[in-house]
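Biologist: I would like to talk about the aromatic rings in this model. Could you take me through them?

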Amino acid sequence: MEALTASFENDDKQEFAKPAAIYVLKHLQPRLEKKTTPRRYVKKTMIDLMPDEQPDLDKIIYGEIEFVIDKVHFNADWFTGTAYLNLWKRHFTEFLDENTEIRELRQAFRSDPDDVNEQFGLMIDSLKRLRQVLRASYAQWHRKIMAEFLESDLPLELYNLYNISYIERTSAINSLIADLTRLQTRLHLVRSDEKKTMAELKEFEKRRRGLSETLTRVSRSESALRFFLRAANAKELEDLFRTKPLTLNNDTERGIFEGYLGEFKQSLFEMTNHLDKRHFDEDMLNSSDSESFRDFDKKLCQAILRHA
C-alpha cells in the first residue's frame with residue numbers, strides 16, 4: 001500500500017516563513033533621532049522605525065540552522081553542516097521564487113524610506129503578507145502533518161503541539177500588527193510631546209522584544225525537535241527536507257526525544273502566556289468550525305478506515 005506521505009515530499013512553506021518573520025522583526029527598532037533637514041540645515045527630532053544597518057537574511061538563516069545543528073549533534077557520513085545549510089538555502093530560494101510578494105518586500109526594505117508613515121506602511125504590509133502565506137498554506141500543512149502522524153510511531157500529542165505552534169505563530173503576527181497600528185495612532189496623538197513620544201516608543205519596543213524572544217524560542221525548540229526526528233530516520237541529505245514516516249528506534253532515541261519534546265512544550269507555554277488572549281481568540285485558525293478542520297476530519301476518517 002502506498003504511504004500517505006508519498007505525495008508530501010517537499011517541506012512545508014511555514015518552515016521557510018520562519019526566517020522571513022525574524023527578518024521583519026529585526027527591522028523593527030523604533031527610536032527618536034535628531035536629523036538635519038535637507039537644504040535648511042535645521043536639526044529636527046524624527047521617528048525612525050528601522051535600524052541604520054540592514055539585517056542580513058543569510059546570517060539570520062545561518063544563525064538559526066547553526067543553533068539546531070550544534071544542539072542536536074547529528075553525525076552521519078553523508079551529513080555536514082555546510083551541505084545542509086546550502087541545501088536549506090536552495091529550498092528557501094525556491095520558496096522566495098514561489099512567493100514573489102516576500103521577495104518584493106525584501107527589495108522594499110532595502111530602500112529604507114525616511115518617511116515614518118511609509119515605514120509603518122511597509123512594516124504592516126509585510127506582516128500581513130507573511131500572515132497570508134501562513135494562512136494560505138495552513139490547510140495543506142495540516143493534512144500533511146497528520147498524514148505523517150498516521151504513518152509514524154510517535155505520540156499524537158506531538159502533532160497537537162505542532163498545530164498549536166502554527167496557530168500561535170499567526171497569532172503573534174496579528175499581535176504585532178495590532179501593536180504597530182496602535183503605535184502609529186499614539187504617535188500621531190502625542191507628536192508634539194517628545195517625552196510622551198519616547199515613552200510610546202519604549203513601550204512598543206518592550207512588547208516587540210518580548211514577542212521576538214518568545215517566538216524565537218518556540219521556533220528553535222520546534223526546529224531542533226523536527227531536525228532530530230528527521231535525522232534519526234534519514235538515509236540521505238534530502239530526507240531532512242521530506243515529510244515521511246518517522247519512528248524512534250531505541251530507548252536512547254526515545255529519551256532524547258522526550259527532552260526535546262519537553263523544551264518544545266515549555267516554549268509553547270511561555271508563548272501562550274505572552275500573547276494577548278484577544279488576538280489568540282480572534283484567530284480563525286483556532287476555530288473548530290474553520291474549513292481546514294472540517295476538511296481534515298473527513299479525510300482523517302477516510303485514512304483510518306483505509307488503514308483498518
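Predicted model: local features only at pLDDT ≥ 70, side-chain atom pairs only at ≥ 80, totals over all residues.

Biologist: Let us take F74 and F227. What is the geometry of that aromatic pair?

Modeller: F74 and F227 are arranged edge-to-face, with 6.2 Å centre to centre and 85 degrees between the planes.

Biologist: Where do F74 and F227 lie?

Modeller: F74 is in the loop between α2 (57-72) and α3 (81-98), while F227 belongs to helix α7 (residues 194-232), so the pair ties together parts that are 153 residues apart in sequence.

Biologist: And why does F74 count as buried?

Modeller: F74 has 18% relative accessibility, and buried means under 20%. F227 counts as buried as well, at 5% relative accessibility.

Biologist: Now F149 and Y159. Is that pair stacked, tilted or edge-to-face?

Modeller: The pair of F149 and Y159 is tilted, at 5.5 Å centre to centre and with 55 degrees between the planes. F149 lies in helix α5 (residues 116-151) and Y159 in helix α6 (residues 156-189), so this pair ties together parts that are 10 residues apart in sequence.

Biologist: Are F149 and Y159 buried or exposed?

Modeller: Both F149 and Y159 are buried.

Biologist: Going back to F74, which residues do ring pairs link into a cluster with F74?

Modeller: That cluster consists of F74, W78, F79, Y84, F227 and F241.

Biologist: A change of topic: which rings do R220 and R226 lie over?

Modeller: R220 lies over the face of F67, at 4.4 Å from the ring centre. R226 lies over the face of Y162, at 4.8 Å from the ring centre.

Key:
Residues numbered from 1 in each chain as written. Heavy atoms only, no water. Phe/Tyr/Trp six-rings, centres within 6.5 Å; stacked < 30°, edge-to-face > 60°. Helix = DSSP H or I, 4+ residues; strand = E, 2+ residues; numbered from the N terminus. Buried < 20%, exposed > 50% of the residue type's maximum accessible area, 1.4 Å probe, protein only. Lys NZ or Arg CZ within 6 Å of the ring centre and 35° of its normal.
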